[in-house]
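Work through the exercises below with the sequence and the 3D view at hand. Try each task before reading its solution.

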Amino acid sequence: MKIYYEDSMPYAAEFFSELGECEVFSHKTVNADILADADVLLVRSTTKVNQQLLARNKQVQFVATATAGTDHIDKNYLANQNIPFISAGGCNSVAVAEYVLSAILVMSKRLNWRLVDKTVGIVGAGHVGSALARVLTVLGINHKLCDPPLADAGDARDFVSMNDIMQCDVISLHVPWVKDGPYPTQHLFDKARLAALKDSQILINACRGEVINNQAALALFEQGNSLNLVLDVWENEPNINLDLIPHTALATAHIAGHTIEGKARGTEMLYLALCKHLGIQAKKKLSDYLPKAESSQIKITEKQDFWQVFYLLALDVYNIEKDDQYFRANMQSADQFRYIRKHYPIRREFSAIALNTGNFANSKAIYDVGFLPAI
């Protein structure tokens with residue numbers, strides 16, 4: 001069995017080497033000739049899988065992407081060819097939730113907020129929205145969920161309308177890109193919705209760039225409107241509107257989900273799915289390969305304020321301002337956008353970091369957010 005996997009999948013060789021003959025490829029050079037003899041095709045979002053890519057293949061039996069998003073996959077074509085397909089839905093949910101949390105912490109300091117007095121509106125209650133809601137619950141931050149498709153499908157959670165979301169202090173978007181149908185999300189934030197936001201609100205997009213009308217946002221900025229806009233995703237990536245960058249509060253290159261845990265979890269999910277497809281017992285797990293992270297060196301004293309402690313801990317693991325500064329200094333072209341994503345440095349999740357909270361009164365909340373107790 002020939003297994004082809006994209007070179008940006010961490011630990012792919014370790015996971016798949018015993019399942020068949022493995023071949024690695026780059027999204028820059030892969031073509032129909034290269035994949036002509038593939039039995040299994042494993043990709044990330046940089047490889048577009050469609051009829052053209054598989055034109056010379058008559059035997060592929062399994063296609064999968066190690067990403068939560070599937071915009072790069074022609075699912076209709078695969079279904080018509082009876083080719084099984086899976087995605088790694090939820091693989092990066094923790095990473096994106098921690099990215100959003102870092103943005104909220106940074107922005108709250110800039111705006112001199114007490115987060116316990118604020119409300120976060122979460123649009124989209126799938127894997128990522130739910131992960132964010134869980135963390136906010138642990139931290140005691142008020143939040144509201146909006147997800148019309150899930151509400152109409154019978155999800156028992158307490159959902160609110162978009163009108164309610166528009167009153168929240170922070171609005172964080174976690175929906176798929178849907179162009180039509182009963183629940184379209186393309187330009188969910190069009191000129192009218194963007195103009196309705198107050199300069200005291202924060203809008204965060206870490207899902208799909210097309211959910212916000214970037215040109216409308218730029219036009220409003222150029223007209224003098226104020227908006228605290230945090231963008232990790234952009235319309236027309238990687239050919240994004242460079243003129244919008246200086247107006248954003250925080251800007252990054254579609255890296256919200258790019259922790260080593262998030263990316264490697266996608267690889268593990270494909271391994272488990274392929275084993276199931278082949279009817280064999282999975283023998284490997286992600287913890288076999290993840291590098292051990294250094295313990296936190298932040299000293300926590302018994303009488304410290306909880307938010308002071310959490311701010312230090314969270315931003316020590318991931319501070320969005322560092323990515324923002326690098327992005328602004330280096331983002332000049334589509335190639336640069338690709339480069340920043342491709343060469344993104346190793347970033348860890350809270351769950352990789354062990355720390356000793358001593359007699360700190362709020363130790364449980366620190367550990368419930370994800371940090372490990374030091375042994």
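**Exercise 1.** Is Lys 2 buried or exposed?

Solution. This is a predicted model, in which local features need pLDDT of at least 70, side-chain atom pairs count only at pLDDT 80 or more, and totals for chains, interfaces and linings use all residues. Residues are numbered from 1 along each chain as its sequence is written, and side-chain values use heavy atoms, with hydrogens and water left out.
- Step 1: buried means under 20% relative accessible area, exposed over 50%, and partly exposed in between (1.4 Å probe, protein chains only).
- Step 2: Lys 2 has a relative accessible area of 13%, so Lys 2 is buried.

**Exercise 2.** Find the salt bridge between Lys 2 and Asp 37 and state what the pair ties together.

Solution.
- Step 1: a salt bridge needs a side-chain nitrogen of Lys or Arg within 4 Å of a carboxyl oxygen of Asp or Glu.
- Step 2: the closest N and O atoms of Asp 37 and Lys 2 are 2.7 Å apart.
- Step 3: Asp 37 lies in the loop between β2 and β3 and Lys 2 in strand β1, so the pair ties together parts that are 35 residues apart in sequence.
- Step 4: Asp 37 is partly exposed, at 29%.

**Exercise 3.** What is the strand order of the open sheet of five strands?

Solution.
- Step 1: strands are DSSP runs (E, at least two residues), numbered from the N terminus, and two strands pair if DSSP finds at least two bridges between them.
- Step 2: the order is β2-β1-β3-β4-β5, with parallel pairing.
- Step 3: β2 (21-25) and β5 (85-87) each have a single partner strand, so one side of each lacks a neighbour in the sheet.

Terms used:
Helices (H or I, at least four residues) and strands (E, at least two) are DSSP runs, numbered from the N terminus.
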